[in-house]
Amino acid sequence: MDDPETNHHINKSIDLGNNRPFVRIQSHAEILSLEERAVLELEDEKLASADSITMKKHFFKETTHCSDIIDMKCNNNVWNSIRIVVFSTKLNILMIFGPAAIFVEKATGYHGLVFPLSLLGIIPLAERLGYATEQLACFTGPTVGGLLNATFGNATELIISIFALRNGMIRVVQQSLLGSILSNMLLVLGCAFFSGGLVIMKREQVFNKAAAGVNSGLLLMSVMGLLFPAVLHSTRTELHFGKSELALSRFSSCVMLLAYAAYLYFQLKSQKKLYAMVKDNEGESETEISEDDEAPEISMWEAIVWLSILTVWIAVLSEYLVDAIEGASTALKIPVAFISVILLPIVGNAAEHAGAIMFAMKDKLDISLGVAIGSSTQIAMFGIPFCVIIAWIMGQPLDLNFQLFETATLFLAVIVVAFMLQEGTSNYFKGLMLILCYLIVAASFFVHTDIDSVVDKPHKKGE
């Protein structure tokens, strides 16, 4: 059956169905075609593997190039963020005084020098903290932004107060918070009115007196909260001496915090149109909602990181500042009351001071009023009650009895400012009167002796 000349290739297999062998014969041409096909497939596999290697090398190069670009962008973003936050204002030159204060404290311990260096070092940090808060508020919306401003807007004063509470300096906490309210109401608002009036002398500047009236009402409510514990203590009419005053203060603080939360809802949700910017243009007034439409200069996460860094750095310097208060009072012969009421608040309000003047000179008096009176309202209705609650948690007997002298000063200042705001107009003369009122207050505290503010502690050598 097989012919050797034909050179056929025979494959034998068994048919399992009927167990009969059968023979499949493939021709020589078929065999050649199979060999050629195998060679071609092998060449195709070599080409494919070469192409895949080339593609992998190209992909690796592209990935490396993209990662380099991402690294460059990250480095550029970090540098731009540092440039915007740290190097964008000349005030940040004062940041070098912070490390200088720490060095002097470690080297000499002379609080007469540590205190002013710490004050100067905190000024730019407080301003940058306000800037970072504003940037973060651009991403959070009005409600959360209002809460952020309430929390971080006066964070410097609150941090200093918490460190003073930890050291048992109750009167320093009370007087520094009181001084912050007085500084914003009289000095900051007075400088804003005075500067805006000098720039725009042909007419009176106009602001929204309805919103100003609400803030004046809240300030009077805070005076009521401070007045009753002081009168209760002075008249010796407490039900339980030493306890009723503290219990009343803590209850009033909770009520004031509730009132401030309601005020935020009223301002940001319920009555937005009440808080409108009023612009006078040839006798015609326009109202528009006072929302910040400016694009943020840094990203949300950058703002959060800077808030954390600045808060920690302010906390570090605040500890040195508070520890040096009594030593500086002895070395510089300045009353502790004057340091607490006048010097500390001026440092904390440096950012508000500059911003209020700038906006007033641009005839944006509603913003200036929101900075000055709004900050006073935050401290009176949020800062002071918040510190009372924190002291309660810490076991410190901080109450709302600010003593009759300090409470009377606050009451008269609120009355003066309320009269200045009732017409809804301002000029340089009103600003001058507010500044002169603040000078009288400062002189009064310079000659005021507060026995309770002196804590008997052994002073270090050099104090």
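Which residues form a nonpolar patch on the surface? In this predicted model, the patch is made up of L198, M201, Y428, F429, L432, L436 and L439, which together have about 670 Å² of accessible area. Patch members have over 30% relative accessible area and no salt bridge, with nonpolar side chains (Val, Leu, Ile, Met, Phe, Trp, Tyr) joined within 5 Å; the areas come from the Shrake-Rupley method with a 1.4 Å probe, only the protein chains shown counting as cover for residues. Helix α14 (residues 428-446) gives the most, with 5 residues, and L439 is one found there. Helices here are DSSP runs (H or I, at least four residues), numbered from the N terminus.

Turning to helix packing, α5 (residues 170-199) and α10 (residues 336-348) pack with their axes 7 Å apart, at an angle of about 50°. Axes are lines fitted to C-alpha atoms over the stretch in contact, and angles run from 0 to 180 degrees between N-to-C directions. On the α5 side, V172, Q175 and L187 are among the residues meeting α10, whose contacts include V336, S340 and I346; contact means heavy atoms within 4.5 Å.

As for salt bridges (a Lys or Arg side-chain nitrogen within 4 Å of an Asp or Glu carboxyl oxygen), the count comes to 5. R166 forms one with E319, the closest N and O atoms being 2.9 Å apart. R166 lies in helix α4 (residues 155-166) and E319 in helix α8 (residues 300-323), so the pair ties together parts 153 residues apart in sequence.

Residues are numbered from 1 along each chain as its sequence is written, and side-chain values use heavy atoms, leaving out hydrogens and water. As the model is predicted, local features need pLDDT of at least 70 and side-chain atom pairs count only at pLDDT 80 or more, while totals for chains, interfaces and linings use all residues.

How values were computed: Patches are made of residues with over 30% relative accessible area and no salt bridge: like charges are joined within 9 Å, nonpolar side chains (Val, Leu, Ile, Met, Phe, Trp, Tyr) within 5 Å. Helices (H or I, at least four residues) and strands (E, at least two) are DSSP runs, numbered from the N terminus.
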